[in-house]
Amino acid sequence: MTARQSAPRRVAPAESALGLGAAELGWALASRATGVQQDFWRRASAPVILAEIATLVEAATEVKWSLVRLRLESGQTASGGVTVTATFERRLEATIGAATREALARRQAAGVRLGRRPLIPEAVLAQIARDREAGKGYSRIAAELQAAGVPTAQGGLMWRASTVRAAHLRATRTPAE
């Protein structure tokens, strides 16, 4: 008997780290499962297991887990059933994405300003807001800034309507937004 076979097994909770109701399907969760890997096992007839694996894979895909190993254990039993172990792992992009979101949230909670700092001077932002209130379009404001020789924030060759629009939105938004 290998260490894997002698490891104690427990029934999966209603919700595993996969977010699946595997216990409802009759699958058990292997005791060595971690937050990034879940091993489920089931002894049943092959058609039942096949249908249940399809359900597990579909549900796992929705929560960014992938089936990485499907293994037949100990052959067939006298009752015609088989034991199958299905191993799921969190997909790398889900793991990286979650870690990145958590780190950015911690930084933001600590008061760190995220993203690139706006480089358009306050005087230019105020002028854009005044021109817009006067009824001028973004293209016209961009052309006037270009004609006046106002440097762009990134040192570009010319002002564009999309840049003026973004600057206007930033200049007129309320602090709560």
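Helix 5 and helix 6 are oblique to each other, because their axes cross at roughly 135 degrees and an angle counts as roughly perpendicular from 65 to 115 degrees and as roughly antiparallel over 145. The model described here is predicted. Two packed helices are described by the angle between their axes and by the distance between those axes.

**Helix 5 and helix 6**

- The axes of helix 5 and helix 6 (residues 138–147) come within 10 Å.
- The crossing in which helix 5 passes helix 6 is right-handed.
- From helix 5, the residues Val-124, Ile-128, Asp-131 and Arg-132 meet Tyr-138, Ile-141, Glu-144 and Leu-145 of helix 6.
- This contact of helix 5 with helix 6 comprises five nonpolar and three charged residues, with no polar ones.

**Helix 5 and helix 7**

- Helix 5 (residues 122–133) packs against helix 7 (residues 161–172) at an angle of about 95 degrees, and their axes are 9 Å apart.
- That angle is why helix 5 is roughly perpendicular to helix 7.
- Helix 5 contributes Leu-125, Ile-128, Ala-129 and Arg-132 to the contact, while helix 7 contributes Val-164, Ala-167, His-168, Arg-170, Ala-171 and Thr-172.
- Sorted by class, the residues of this contact are six nonpolar, two polar and two charged.

**Helix 6 and helix 7**

- The axes of helix 6 and helix 7 cross at roughly 100 degrees and come within 8 Å.
- Helix 6 is therefore roughly perpendicular to helix 7.
- On the helix 6 side, Tyr-138, Ser-139, Ile-141, Ala-142 and Leu-145 meet Ala-161, Val-164, Arg-165 and His-168 of helix 7.
- Six nonpolar residues, two polar residues and one charged residue make up the contact of helix 6 with helix 7.

**Residues named in two contacts**

- Ile-128 and Arg-132 of helix 5 take part in the contact with helix 6 and also in the contact with helix 7.
- Val-164 and His-168 of helix 7 take part in the contact with helix 5 and also in the contact with helix 6.

**The largest pocket**

- The largest pocket holds about 240 Å³ of space.
- Its lining consists of 15 residues, and those nearest the centre of the pocket are Arg-116, Ile-120, Ala-153, Gln-154 and Thr-163.
- By class, the lining has seven nonpolar, four polar and four charged residues.

Technical notes
Residues are numbered from 1 along each chain as its sequence is written. This is a predicted model: local features need pLDDT of at least 70, side-chain atom pairs count only at pLDDT 80 or more; totals for chains, interfaces and linings use all residues. Side-chain values use heavy atoms; hydrogens and water are left out. Axes are lines fitted to C-alpha atoms, for helices over the stretch in contact, and angles run from 0 to 180 degrees between N-to-C directions. Helices (H or I, at least four residues) and strands (E, at least two) are DSSP runs, numbered from the N terminus. Angles under 35 degrees count as roughly parallel, over 145 as roughly antiparallel, 65 to 115 as roughly perpendicular and the rest as oblique. Contact means heavy atoms within 4.5 Å. Ala, Val, Leu, Ile, Met, Phe, Trp, Tyr, Cys and Pro count as nonpolar, Asp, Glu, Lys and Arg as charged, and the others, Gly among them, as polar. On a 1 Å grid over the protein atoms alone, a cavity is a set of points where a 1.4 Å probe fits but cannot get out, and a pocket is an open set with protein on both sides within 12 Å along at least five of seven lines; lining residues have an atom within 4 Å of a point. Grid points are joined across faces, edges and corners, and a volume is the space filled by probe spheres set on the points. A crossing is left-handed if the near helix is turned anticlockwise from the far one by less than a right angle, and right-handed if clockwise.
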